[in-house]
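Visitor: I would like to learn how to read a few features of a structure. Please take them one at a time.

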Amino acid sequence: MLHHRGTRQLDTERLRLTTLTVKNAEEMHNGWARDEDATKYLSWPAHKTVEVTRMVLGDWEKKYLLANYYNWGIFLKGSRKLIGTVSLDGINEYKQTCEIGYVIAKEYWNKGYATEAVRRIIDFGFGEVGFRQIFGFHQLRNFNSGKVLEKAGMRRDGCLPRSRMDNKGHICDLTQYSITREGWLEIQERKEEKNNEN
């Protein structure tokens, strides 16, 4: 049985993960939502106007009332700069599984922020909600996304041909990654052993 917690604030060494409101619309729009490069491999197209971003955030605000809705804004600690989002969705209550998703503003690529956020969400998903398995998917050509998932502890399972529609309406191939609760616990044990050695 899953123990839903809702989108509550989580922290990492460099990041604060928390809910968003329509007040974040301009920063989100200018940061990545309108950027064709940042949204190239996402399921939704780049936003044409900031009004689209406001509507999206208004919808998120309503969904934050649900205990099983998980969608965080990624903020840099200190500066409070909003640099992306990370989420758990596609929740299967019976199988106790979900899918992780994320997007980072192009200005902040290749700095380890996505991996740091994904690791924290994986810890939350297993440690607090109680998922049995967490999946991650990316379009076959989006190699950088695969690197994020691998660095976060997920394992590449293989290719799923013609399995999802992209934001241009094309059916595309996906690469699937996953991590089980048992695999996550092994990682936690290794961390604890390393800490004890130090």
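**Salt bridges and packing**

Guide: The side chains of Lys106 and Asp35 meet in a salt bridge, at 3.7 Å from N to O. The model is predicted, so local features need pLDDT of at least 70 and side-chain atom pairs count only at pLDDT 80 or more, while totals for chains, interfaces and linings use all residues. Residues are numbered from 1 along each chain as its sequence is written, and side-chain values use heavy atoms, with hydrogens and water left out.

Visitor: What is a salt bridge here, and which parts does the pair Lys106 and Asp35 tie together?

Guide: A salt bridge is a side-chain nitrogen of Lys or Arg within 4 Å of a carboxyl oxygen of Asp or Glu. Helices (H or I, at least four residues) and strands (E, at least two) are DSSP runs, numbered from the N terminus. Lys106 lies in the loop between strand 5 (97–104) and helix 3, and Asp35 in the loop between helix 1 (25–33) and helix 2 (50–63), so the pair ties together parts that are 71 residues apart in sequence.

Visitor: Are Lys106 and Asp35 buried or exposed?

Guide: Buried means under 20% relative accessible area, exposed over 50%, and partly exposed in between (1.4 Å probe, protein chains only). Lys106 is partly exposed because its relative accessible area is 37%, and Asp35 is buried because its value is 16%.

Visitor: Where do Glu128 and Arg8 lie?

Guide: Glu128 forms a salt bridge with Arg8, with 2.2 Å between the closest N and O atoms. This pair links distant parts of the chain: Glu128 is in helix 3 (residues 113–129) and Arg8 in the segment before strand 1 (10–11), 120 residues apart. Glu128 has a relative accessible area of 23% and so is partly exposed; Arg8, at 34%, also counts as partly exposed.

Visitor: What does Glu116 of helix 3 pair with?

Guide: Glu116 forms a salt bridge with Arg14, the closest N and O atoms being 2.7 Å apart. The two are 102 residues apart, with Glu116 in helix 3 and Arg14 in the loop between strand 1 and strand 2 (15–18). Glu116 is buried, at 15% relative accessibility, whereas Arg14 is partly exposed, at 31%. The loop between strand 1 and strand 2 also holds Thr12, which counts as buried at 12% relative accessibility. Contact means heavy atoms within 4.5 Å. Leaving aside neighbours within four places in sequence, Thr12 is in contact with Lys77, Glu116 and Arg120.

Visitor: Which residues of helix 4 are buried, and why do they line one face of the helix?

Guide: To judge a face, take the arc of the directions from the helix axis to the C-beta atoms. In helix 4 (residues 143–151), the buried residues are Ser145, Gly146, Val148 and Leu149. Seen down the axis of helix 4, they fall within an arc of 155°, so they line one face. Phe143 and Lys151 are exposed on the other side of helix 4. The buried residues pack against strand 5, helix 3, strand 6 (133–139) and strand 8 (171–180).

Visitor: Which residues of helix 2 are buried?

Guide: Thr53, Leu57, Gly58 and Trp60 are buried in helix 2. Their arc, seen down the axis of helix 2, is within 160°, so they too line one face. The face turned away from the buried side carries the exposed residues Met55 and Lys62. Helix 1, strand 3 (70–76) and strand 4 (82–92) are included in what covers the buried residues of helix 2.

Visitor: What is a nonpolar core, and which members touch the most others?

Guide: In soluble globular proteins, nonpolar side chains tend to be buried together. A nonpolar core is a set of buried Ala, Val, Leu, Ile, Met, Phe, Trp, Tyr and Cys residues joined through side-chain atoms within 4.5 Å. The largest core here has 50 residues, of which Leu17, Trp72, Val86, Leu88, Ile100 and Ile122 touch the most other members. Helix 3 gives the largest share of this core, 9 residues. Beyond its neighbours within four places in sequence, Trp72 has contacts that include Leu10, Leu17, Val86, Leu88, Ile121 and Phe124.
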